[in-house]
Amino acid sequence: MTARSQDIKAQDLEAASALPAPATARLRWPRLKGFEWFAFGFVALLIAAAVLVDVIPGLARPNFPYGDFSQPPEWSLNGLLGTDPLGRSILSRVLHGARTTLGIVAVATAIALAIGMTAGMLAGFYRGPVERAVDLYANTMASLPPILVILALIAVVGNSVLTMMLALGILDIGVYARIAKGGVIAQNDRDYVLAARAMGASDARILAREILPNLVPALTAIVPPLVAGLIITEGSLSFLGYGIPPPAPSWGGMIASSTDLLSRFPLLVVGPILAIVLTVYSLNTIGDSLARRLNDRNRNL
Amino acid sequence: MTGGDQDILLDCEAVSCTLATSRGPLALLKDVTFRLGRRTALGIVGESGAGKSMLIKGIMGLTPSDITVAGRIGLDGEDMVAMPEARKRALLGRKVGMVFQNPMTSLNPFVRVGRQIDEASRLHLRLGKAEARARAIALLSQVGIPDPQECYAEYPHRFSGGMKQRIMIATALACEPELLIADEATTALDVTVQKDILDLLQALQGQRRMSMILVTHNLAVVASRTDELLVLYGGRVVEYGPTERVFAAPRHRYTEALLSAVPRMDEPAHTRLRTIPGRPPDPQDRPAGCPFAARCPAAEERCRQEMPGMTLDADGRHGFACFVPVPAPGPGATAARAEATS
Amino acid sequence: MASDHPYLKAAARRLAAGVPVFLVVTFAATALSSLAPGSAAQLILGENATPEQIASLNAQYGYNLPVIERYLLWLGKLVRGDLGLTLYSQQPVAGLLFDRAAVTFEIAFLAMGLSLLVGVPLAMVTASRPGGAIDKALLAVTSVMLSIPTFVTVVVLGFLFAIVLRWLPATGWVRFAEDPLGNLKSAALPVLCLSVHQAASFYRVSRAEFVSVLQEDYVLVARAKGLPTHTIMLRHAFRAAMPQVLTVMGLSMTYLLGGSFIVESYFAVPGIGWTVLSAVNSHDFPVMQAILSLTVVIFVVVFMLVDLGYALIDPRVEVA
């Protein structure tokens, strides 16, 4: 379910990372357009809400009834998005859902980045069997719909927060590895790498000090859209009933549980739908914005 | 020579091209005025950036949307600048055919050669498939393609640059245009092929009794192949006139410098090539006066202050925009120079 | 000469790269059951299984054998076209999959067709005037469309067309052989839902491609011939933009297969996605393994076809 247009973006970034800048070059802080401001602002707000959700004064608990069931939105903190069929505050559940989703996706991305970057750098530096293994892994993951991979795992080990983190984590390893690999290959015979080698620097030192800093921009730009993809995948699984087990609130699960009542209470789904669509939109926009700046910078070199 | 003259095919009057930039309008071409008679060959000469291509694009109405064309471009009495888009399309390809600089990228690799030649004739002349094909094959053989029937059915990638340019010429001639424009048509080709293509263009112009504009940065190209010459510098016309006269007795300092930079056969071998010192002005900050003033050996103070107007010869056929022109030579000198350059 | 050409070489390479991917996926699928806590048979039969039941299941499916052995057995049967029997109904998996795949493919191809029909012509219109009002509006709209997950689309469009407007049936599937019109009606909502994302993605890619093709010299030549814009678009730009569109068509297969899980489960359509979900619930490993294999095969074949498609589109390739 990950937006597949990301594959194209990934290719662009692979190409972009093949033109590394000197380590001193950073993404210059850009002049943002209106919708970019919105995107950065929304993501910042969402992260803040996810972190602070327990200490927001007056916010109802997500799993306890707060008022009448299936109420339309009203002008109060807990009633802002209405209440669900059990009388729980939808806003509170959306924010707690954000915490769960962002938490899981953050861990999954950390796993994917750590493994993918390391494997990709080694593959690009030493080539040979390591590179073939990385390519095989990336090709394999690219040829399967992400949901199918996770469902196959869940069929055997059951669904839990830990399964979800690991399962989402393995999805993107290949993409990160490919970008890192491309970036390393492009730098292998650059002057600064050759100079470091001539001065007797160890492989590890060259990779960490000379090469890694130049991979950061390309990897930074690909993270937001891939995170958006993971959020969609996690939401899809929750929607299908294979996400993190209830009663923990999740956006996909909230949407799924409201569908039976849709004909009578269509407003039930508005909150979670807005939450996921705006989150994905913002992340994609941030990714586009970073990628464009990266390309501009490479062109100016 | 009046405006409604039947012998005039193209009549450009005060043509200007202005690019809209974030820092305001930028004049790429200013006040270009010239006339092209029927069955006449005109050479437009200038360094890159002088505005040659812009002038051609302006005539063809192919300027990008951020460029405004002002003035009058009369083609057979109709003003191309003011006319509606549909009418302009009906003239392009039909009355005017054009050959572009780079034959390698001018043919669409995805479309068969035949289709690219006869699409104009089928559109403008409403020829049937068979008629258009017969005409295209005849054209291909006229431009010197060895196997015209085979070529007609081929895709362009099969052909060399020279052959592709021949195909492009056939394409431009598909509707028997009255004017053929060749924009640096040989610049991208091998030196050995360049002459063949130029000879072909010259021959076709004579046979088909059409007008032709040869745009080039290379004076040698136009020397014996054009009747008239228009010299552009910094977006302005600096000199025009019959080719022989301009060659024999250039009046503008820039034209003179340009002519003396052409290697000549009557000079001893290993003579140092003369070059014009300096560079053409950046369109971003062109001077108020003559654009050539900064590089001109004879420039005076007023050259830098104001743009000289056109000074005309006695018979009005040779004009130049210069305050301190090269002195007109006596009759004897003219003959000697003409001999040397031909 | 033909085999020397880059596109054909790429197709051959694609196939060569596909074989190890196929082996990895199918082997992993076989090994998957070994990950089960306790034993696979225990997981399938549940807590209350008797030792006799477990023994008979192991005898039939070999869950007590080493993974390698089980994998080789599976491969051997695969070569003979035998994908085994489903766990519960004891039907041949191959036959079941064939039926279900037909449904998923029908929906996927209709969605792809619809998305192409909407996305590509729109791109041709806006690409000739990039930066115009329609162009800007469509860029904004499509970037939102690309941000809507399929599980939101199904809820919203299902609500709109089945509940509010009552134009289309909310659930169920009518086979084409029984009632062609009814078949199209039952396919309509699933197809629409998958097309939202796809149409936006086709639009984006083809717009960018058309904009860049229109910068080509031969387009300027075509304009100098006095050709009208639509002729330039259809005759000169369209074919040049096709390879890029073809690539996205290939990529969209994975999206459409992934999307089928949501669409088929929400609208109760008996396709591959629906089959996977029921197989997950019942731990039906033979079915899951078959579907994983099928997916990889589809992916490899689709990309090979894309490479061959490039060769057909580009006249510089001579397919002998």
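Me: Which strands of chain B does helix 1 lie across?
Reply: Helix 1 (residues 52-60) of chain B lies across strand 1, strand 2 and strand 4 (67-75) of chain B, and runs at about 75° to strand 2 of chain B. Helices (H or I, at least four residues) and strands (E, at least two) are DSSP runs, numbered from the N terminus. Axes are lines fitted to C-alpha atoms, for helices over the stretch in contact, with angles from 0 to 180 degrees between N-to-C directions; contact means heavy atoms within 4.5 Å.

Me: What are the ground rules for the model and the numbering?
Reply: This is a predicted model, in which local features need pLDDT of at least 70 and side-chain atom pairs count only at pLDDT 80 or more, while totals for chains, interfaces and linings use all residues. Residues are numbered from 1 along each chain as its sequence is written, chains are lettered from A and ligands numbered from 1 in the order in which they are written, and side-chain values use heavy atoms, with hydrogens and water left out.

Me: Back to chain B. How do strand 1 and strand 2 pair?
Reply: Strand 1 (residues 8-21) and strand 2 (residues 24-37) of chain B are antiparallel, with ten bridges. Two strands pair if DSSP finds at least two bridges between them. A hairpin of two residues joins strand 1 to strand 2 of chain B. Val15(B) has Val32(B) as its bridge partner in strand 2, and Leu19(B) has Leu26(B).

Me: What is the strand order of the four-strand sheet in chain B?
Reply: The order is 2-1-4-5, in an open sheet with antiparallel pairing. Strand 2 and strand 5 (78-79) of chain B are at the edges with a single partner strand each, so one side of each has no neighbour in the sheet.

Me: And the sheet of eight strands, what order does that have?
Reply: That one is also in chain B, an open sheet ordered 6-7-8-3-9-10-12-11 with mixed pairing. Here strand 6 (96-99) and strand 11 (311-312) of chain B are the edges, each with a single partner strand, so one side of each is left without a neighbour in the sheet. Strand 11 runs antiparallel to strand 12 (residues 319-320) of chain B, and two bridges join them. Thr311(B) is opposite Phe320(B) in strand 12 of chain B.

Me: What does helix 7 of chain B lie across?
Reply: Helix 7 (residues 161-172) of chain B lies across strand 6 and strand 7 (179-183) of chain B, at about 170° to strand 6. Helix 8 (residues 191-208) of chain B lies across strand 3 (41-45), strand 7 and strand 8 (211-216) of chain B, at about 160° to strand 8.

Me: Switching to chain C. How many helices and strands?
Reply: Chain C has twelve helices and zero strands. Its C-alpha trace spans about 85 × 60 × 35 Å along its principal axes.

Me: At what angle do helix 10 and helix 12 of chain C pack?
Reply: Helix 10 (residues 229-266) of chain C packs against helix 12 of chain C at about 175°, with the axes 10 Å apart. That makes helix 10 of chain C roughly antiparallel to helix 12 of chain C; angles under 35 degrees count as roughly parallel, over 145 as roughly antiparallel, 65 to 115 as roughly perpendicular and the rest as oblique. By class, the residues of this contact between helix 10 and helix 12 of chain C are 14 nonpolar, five polar and one charged. Ala, Val, Leu, Ile, Met, Phe, Trp, Tyr, Cys and Pro count as nonpolar, Asp, Glu, Lys and Arg as charged, and the others, Gly among them, as polar.

Me: Which chains have the most contacts?
Reply: Among the two pairs of chains that touch, chains A and C have the most contacts. Chain A and chain B do not touch, and their nearest C-alpha atoms are 17 Å apart.

Me: How much area is buried between chain C and chain A?
Reply: About 3800 Å², with carbon and sulfur atoms giving 83% of that. Buried area is the accessible area (1.4 Å probe) that two parts lose on being put together, summed over both. Ser147(C), Phe151(C) and Leu251(C) supply 16% of the area that chain C buries against chain A, more than any other three residues. In this pair, 49 residues of chain C are in contact with 40 residues of chain A.

Me: How do helix 5 of chain A and helix 12 of chain C cross?
Reply: Helix 5 (residues 146-157) of chain A and helix 12 (residues 285-313) of chain C cross at roughly 160°, and their axes come within 11 Å. Helix 5 of chain A is therefore roughly antiparallel to helix 12 of chain C. The residues in this contact include Leu148(A) and Leu151(A) of helix 5 of chain A and Phe285(C) and Met288(C) of helix 12 of chain C.
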